[in-house]
Amino acid sequence: MAPEQLHALLRRHQERIDARVSELTAEMDALTRTRRGEFDDDEHDPEGATLSSQWSMLAGLLESAREDARQADAAVRRLDAGEYGICAACHRAIPPAQLEARPVRQRCVACSR
Ligand SMILES: [Zn+2]
């Protein structure tokens with residue numbers, strides 16, 4: 001894959017991750033509002049437990065999506081600085097196939113071991 005294609009791949013990757021973070025954030029907000037509504041209710045609601053576990057699951061997904069977003073942002077900053085695709089450890093060019101598989105990669109496969 002040519003460098004320009006790899007760069008486009010990284011930017012698309014970042015857009016997808018950002019969209020995922022927004023989506024999960026919106027779901028969390030909606031769920032938080034639902035839960036708050038339930039707490040105002042004095043009666044015990046059997047759905048409360050389900051909502052809690054759903055909330056924990058979403059919180060976990062959001063946390064990992066945010067971590068992915070941080071990695072994507074860092075990769076785009078390297079791209080803008082002209083350092084994208086250079087291994088942070090051995091300073092050699094990372095083989096394109098490795099970047100294609102994982103656009104946010106900072107080290108070549110050999111250095112990641
Ligand atoms: Zn390396």
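This is a predicted model: local features need pLDDT of at least 70, side-chain atom pairs count only at pLDDT 80 or more; totals for chains, interfaces and linings use all residues.
We can begin with the metal. The zinc ion is held by four protein donors, the SG atoms of Cys87, Cys90, Cys108 and Cys111, which lie 2.3 Å from the ion. The angles among these four donor atoms run from 101 to 118°, and the site is tetrahedral. Along the chain, the donors of the zinc ion follow the spacing C-x2-C-x17-C-x2-C. Within this site, cysteine 90 and cysteine 111 link distant parts of the chain, being 21 residues apart. Cysteine 90 sits in the loop between helix H2 (48-80) and helix H3 (96-101), whereas cysteine 111 belongs to helix H4 (residues 109-112).

How accessible are these two cysteines? Cysteine 90 has a relative accessibility of 24% and therefore counts as partly exposed. Cysteine 111 is also partly exposed, because its relative accessible area is 26%.

The salt bridges come next. How many does the structure hold? There are three salt bridges in the structure. One of them joins aspartate 80 to arginine 11, with the closest N and O atoms 3.0 Å apart. Aspartate 80 lies in helix H2 and arginine 11 in helix H1 (residues 3-40), so this pair ties together parts that are 69 residues apart in sequence. The two partners fall into separate accessibility classes: aspartate 80 is exposed, with a relative accessible area of 56%, while arginine 11, at 35% relative accessibility, counts as partly exposed. The cut-off at work here is that exposed means over 50%.

Which residues are linked in a network of salt bridges? The network is made up of Glu63, Glu67 and Arg70. In another, the side chains of glutamate 67 and arginine 70 meet at 3.0 Å, N to O. Glutamate 67 and arginine 70 both lie in helix H2, where they are three residues apart, or about one turn of the helix.

Glutamate 63 is partly exposed, with a relative accessible area of 44%. Glutamate 67 is partly exposed as well, with a value of 34%.

Methods. Residues are numbered from 1 along each chain as its sequence is written. Side-chain values use heavy atoms; hydrogens and water are left out. Donors are N, O and S atoms within 2.8 Å of the metal (3.2 Å for Na, K and Ca); water is not among the atoms, so sites may look incomplete. Four donors count as tetrahedral if all angles lie between 85 and 135 degrees; four count as square planar and six as octahedral if opposite donors are over 155 degrees apart and all others between 65 and 115; anything else is irregular. Helices (H or I, at least four residues) and strands (E, at least two) are DSSP runs, numbered from the N terminus. Buried means under 20% relative accessible area, exposed over 50%, partly exposed in between (1.4 Å probe, protein chains only). A salt bridge is a side-chain nitrogen of Lys or Arg within 4 Å of a carboxyl oxygen of Asp or Glu.
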